[in-house]
Amino acid sequence: MSLFDWFANRRKTGPIGKERQEREIADGLWTKCESCSVLTYTKDLRANQMVCLDCGHHLRVFSDERIRQLADANTWTPIDEALKSMDPLKFRDRKTYSDRLREMQEKTGLIDAVQTGIAKLESLPIALGVMDFRFMGGSMGSVVGEKLTRLIERGTRERLPVIIVCASGGARMQEGMLSLMQMAKISGALSRHQEARLLYIPVLTHPTTGGVTASFAMLGDIILAEPKATIGFAGRRVVEQTLREKLPEGFQSAEYLLQHGFVDAIVPRTQLKKTLAQLIRLHQPAAQSSRFGVHVAEMAPTPPRHLGGPKTELV
Amino acid sequence: MTSAERKPILLDFEKPLTELETRISQIRELAEENDVDVSDQIRQLEARAVQLRKEIFSSLSPSQRLQVARHPRRPSTLDYIQAISDEWMELHGDRCGFDDPAVVGGVAYLAGQPVVMLGQQKGRDTKDNILRNFGMASPGGYRKAIRLMEHADRFSMPILTFIDTPAAWPGLDAEQFGQGEAIAYNLREMFHFDVPIICTVIGEGGSGGALGIGVGDRLLMMEHSIYSVAPPEACAAILWRDSSRATQAAEALKITAPDLKQLGIIDEILPEPVGGAHSDPLQATEILRKALLRHLEELNQMTGQQRRELRYQKFRKIGFFAEMSA
Ligand SMILES: [Zn+2]
């Protein structure tokens, strides 16, 4: 059933009351686009990979959903799920780090801020890492560093392309210098993956900042970004403080980075899997792929799809 | 470096020491005026002053160490390079259109051996600090650094880096020219080099800005230098929403050399003269030079492949986590 049909059917059953509508938003049945405020039936939004059907805005997607979008059905094999953060500094700000970790684990059902595993993407075997912004802002501590390092090392050993979907505020301060050093550790693993002439593609999603930008996010052989994602090294407010003027329009957006030569292409989420598959095939040794069957995806962001159906005229 | 006519800059925790020294000179003046022998008394007081200085500097809190690390008279990268090398020539430019004054480097002889030395350069006075951007490097600075390191690797010269920066420059221009990419590129490339790499934190090691020249076979720290994931002031603003909690942040973040040695992040702490490196720059230089030569001698005996493996394993094992049994 298309969205149009769905609305047509829905209309027949009569208008929905405002109360019921609010209840259904709370239940997650409906989702409001944070860009155009249009309400969409969540099921349809998910079918469109959480890209607003009306304005093309990319809503946040977390690790489970992202893995579903990228990995072929039943091919995801998680690795290193047993790694758990400790509190080596006995860190305490407004809360203890241990309490913060426990709360985050309960709230998100995740153990830490990244999921790693082996999967197939359009039947191509890949090593896949997906960061999760819900878990302490996707911050990188020892566990994130270790899991990504092991993932890349496995990629090198098994000669797999590595794909990392980035979403992170940077280093995890609660682990102090241990967290800063993960930047070097992961970059070291990437240096070996590179020496083995294997392909690494980071996908920069909203937001990718700080120590993640200053390490594996910027080390791709090819770097892809999602439309309008915030990508930068220094925090926006910090940069603002060094200036006496306002920051330019679109500063630190994916489009800004494309313009300045730091990402290769902005790929709408609905095109991401296809684009990755095409790039991986293109970079496989000539013997393994048909050299003429390859068509690289249109790299420019496609305009938002407008369905022409009725917008959410819910009263 | 320091000269007799320059008045010392004293830190607040050195106050008891200043008071004692003032008293000694007062007594000495009085004695001279009245022609009495107080040499015994003075000797005692002087011994007390030495003792007091030792006590103060052996029990500095993290935030006091931060003050020493940021001391305006603390020897800088150029001070050390000039003092430890037999000869040296500064080289300029990143070959991409910039020559960042916040990063200096060049070719040198160290005890007769050709080396490349480089590091962040803070200003020696206000005017110099503005020129040097307070030691905060731009992308061009990191690209200059890697260009010099690639040069070193090509000509088989060991690389010695000196870390002294509050942070990478967080300006609009830096973002535009790819601060993140510049640092990231250095992190990966430094793992590729065959030549020995020794990195020494001489003052302030501030976050990714420091790490951008900090991937080595050895990571050394001067006794009162600090190395932090983020400037304690910034950390306090983020975690406590209050930048005046910097003292507390400095404690919590574990930024001192002894803490980082214990966490397995650094290899060695280089002792400083009592009173900090700025109180006796010549002695500090000698300590640094000897340590660098000792580590170089060890590293020179390995093959390039062995050094790369050592470097990889050194970073590979950093981190604390639990691995639950499945
Ligand atoms: Zn929308």
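## About the model

This is a predicted model, in which local features need pLDDT of at least 70 and side-chain atom pairs count only at pLDDT 80 or more, while totals for chains, interfaces and linings use all residues. Residues are numbered from 1 along each chain as its sequence is written, with chains lettered from A and ligands numbered from 1 in the order in which they are written.

## Where the chains meet

Let's start with the contact between chains: 49 residues of chain A touch 45 residues of chain B (contact means C-beta atoms, placed from the backbone, within 7 Å). On the chain A side, H7(A) gives the largest share, 14 residues.

S4(A) pairs with strand S9 (residues 321-323) of chain B, antiparallel, over three bridges (pairing takes at least two DSSP bridges; helices, H or I, have at least four residues and strands, E, at least two, as DSSP runs numbered from the N terminus). Here Leu83(A) sits opposite Glu323(B).

## Strands within chain A

Now have a look at S5(A) (residues 114-121) and S6(A), antiparallel strands joined by eight bridges. Leu121(A) faces Leu124(A) across the pair. Two residues lie between the strands of this hairpin, where Glu122(A) has a positive phi near 45°.

S6(A) also pairs with S7(A) (residues 162-168), in the parallel sense, over four bridges. Ala127(A) has Val162(A) as its bridge partner there.

How values were computed: Two residues are in contact if their C-beta atoms, placed from the backbone, lie within 7 Å.
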